[in-house]
Amino acid sequence: MSALDRIDFALLRLLRKNARLPNKDLAEKVGVAPSTALERIRRLRESRALLGFHAEVAPAAVGIGLQAMIAVRLTRHSRELVDSFHEHLLRLEEVLAFYHVAGADDFLVHVGVRDSAHLRDFALSAFTERTEVAHIETRLIFEFRRNPELPVYARESDD
């Protein structure tokens with residue numbers, strides 16, 4: 001990935017806040033021609049600095065009445081076991097996001113379910129019945145907010 005400059009960072013910040021901004025508005029906000037903004041966004045996608053555009057959906061609108069974070073501890077830490085569990089998580093529709101982490105737990109799994117009965121049944125079938133899982137701990141999520149701001153720690157190029 002090539003070094004990003006201040007205009008690239010500005011475009012990424014704007015798109016993170018609102019991926020539906022018209023190209024004309026993006027260009028105006030960062031002080032470049034619309035054709036320049038379009039080309040830069042194309043390059044950001046090609047270089048994988050920009051991974052995609054997403055819609056934020058209200059959980060209740062699709063029947064998610066309860067969200068939880070489930071900490072999962074595996075029985076051992078072999079690559080085969082970790083990769084297998086990773087693949088398992090990718091197949092579960094209740095999994096909204098997951099994180100492979102360091103520390104006492106191996107995975108943090110953000111799930112969305114209909115209700116507490118669905119959560120109980122899901123946790124039993126998706127985790128506790130699996131031989132590679134040693135322990136789970138479930139925490140209910142009362143509020144969730146994605147930060148639209150993009151912290152930037154990389155240095156801008158001098159281009």
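Predicted model: local features only at pLDDT ≥ 70, side-chain atom pairs only at ≥ 80, totals over all residues.
Hi everyone, thanks for coming. Let's begin with the sheet. Four strands make it up, in the order β2-β3-β1-β4, and the sheet is open with antiparallel pairing. At the edges sit β2, residues 95-100, and β4, residues 133-141, each of which pairs on one side only. From one strand to the next, the twist averages 20°.

β1 covers residues 66-74, and Q67 belongs to it. β1 and β4 run antiparallel and are joined by eight bridges. If you want a landmark on that pairing, look at M69, which stands opposite R139 in β4.

α5, residues 116-128, lies across β1, β2, β3 and β4, and its direction is at about 20° to β1.

So, on to our residue: is Q67 buried or exposed? Q67 has a relative accessible area of 14%, and because the cut-off for buried is under 20%, Q67 counts as buried.

And what is Q67 in contact with, once we leave aside its neighbours within four places in sequence? The list is P59, L96, H110, V111, G112, L140 and I141. Please keep an eye on H110: its side chain and that of Q67 are joined by a polar contact of 2.6 Å.

One last distance for you. Q67 and D115 are 48 residues apart along the chain, yet 8.6 Å separates their C-alpha atoms.

Notes:
Residues numbered from 1 in each chain as written. Heavy atoms only, no water. Helix = DSSP H or I, 4+ residues; strand = E, 2+ residues; numbered from the N terminus. Buried < 20%, exposed > 50% of the residue type's maximum accessible area, 1.4 Å probe, protein only. Contact = heavy atoms within 4.5 Å. Polar contact = N/O pair within 3.5 Å; in protein donor to acceptor, adjacent residues only side chain to side chain. Pairing = 2+ DSSP bridges. Axes fitted to C-alpha atoms, helices over the stretch in contact; angles between N-to-C directions.
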